[in-house]
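Q: Hey, can you walk me through this protein? I'm new to reading structures.

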Amino acid sequence: MQSIKILIFINLFIGLFLPMNPVIAGSLDKVICSAMKGMAEQESKKVPFNVGEFSVVRISVNCEKKTLITEKKHTNFQKAEFKANFQETNQKNWEKFNCSNMIFNTDTGWSTVQLVKDKKGILVSKVRADFSKCSE
């Protein structure tokens with residue numbers, strides 16, 4: 001119960017107070033950046049790892065652009081073998097997976113991007129989840 005109260009407080013704090021205070025918003029960016037870098041560093045130790053028919057090959061953070069980037073490659077398909085609606089389906093799935101995260105569903109300026117490449121490393125899809133996508 002205590003953790004729910006803390007989450008509610010954090011949501012209200014970010015949603016109501018931070019947009020009005022650039023000093024605190026800048027501090028929040030540093031906290032988010034540090035947390036993202038720590039998470040990316042831990043997950044990168046596992047790279048490459050398989051997720052279904054894909055292999056996650058890179059996880060990185062760009063604090064200047066406020067972006068968490070995940071890159072994965074299909075283990076078997078070439079670009080021409082992906083379904084015609086893969087981009088749209090992948091975008092919906094990325095939003096579904098990430099829009100429950102408070103960092104991306106509130107107006108922090110942070111986003112998460114996923115690059116999907118074919119087995120030869122050719123870009124097939126680039127999707128993003130951020131406040132503008134998650135608040136639609």
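Predicted model: local features only at pLDDT ≥ 70, side-chain atom pairs only at ≥ 80, totals over all residues.

Q: OK, strands. How do β1 and β2 pair, parallel or antiparallel?
A: Antiparallel: β1 (residues 49–51) and β2 (residues 54–62) share 3 bridges. Strands here are DSSP runs (E, at least two residues), helices are runs of H or I of at least four, both numbered from the N terminus, and two strands pair if DSSP finds at least two bridges between them.

Q: Which residue does phenylalanine 49 stand opposite?
A: Valine 56, in β2. The two strands make a hairpin with 2 residues between them, and glycine 52 in that turn has a positive phi of about 65 degrees.

Q: And what links β2 to β3?
A: 8 bridges, with β3 (residues 67–74) running antiparallel to β2.

Q: Switching topic: which residues touch the most other members in the largest nonpolar core?
A: Met36, Val61, Leu68, Phe104 and Trp110, out of 16 residues. α2 (22–44) gives the most to this core, with 5 residues. A nonpolar core is a set of buried Ala, Val, Leu, Ile, Met, Phe, Trp, Tyr and Cys residues joined through side-chain atoms within 4.5 Å; buried means under 20% relative accessible area, using a 1.4 Å probe and protein chains only.

Q: What does methionine 36 contact?
A: Leaving aside neighbours within four places in sequence, methionine 36 is in contact (heavy atoms within 4.5 Å) with Val61, Leu68, Ile103, Phe104 and Trp110.

Q: Now the largest pocket. How many residues line it?
A: 23, and Thr70, Lys72, Trp94, Phe97 and Gln114 lie nearest its centre. On a 1 Å grid over the protein atoms alone, a pocket is an open set of points where a 1.4 Å probe fits, with protein on both sides within 12 Å along at least five of seven lines; lining residues have an atom within 4 Å of a point.

Q: Which element gives the most to that lining?
A: α3 (86–98), with 7 residues.

How values were computed:
Residues numbered from 1 in each chain as written. Heavy atoms only, no water. Buried < 20%, exposed > 50% of the residue type's maximum accessible area, 1.4 Å probe, protein only.
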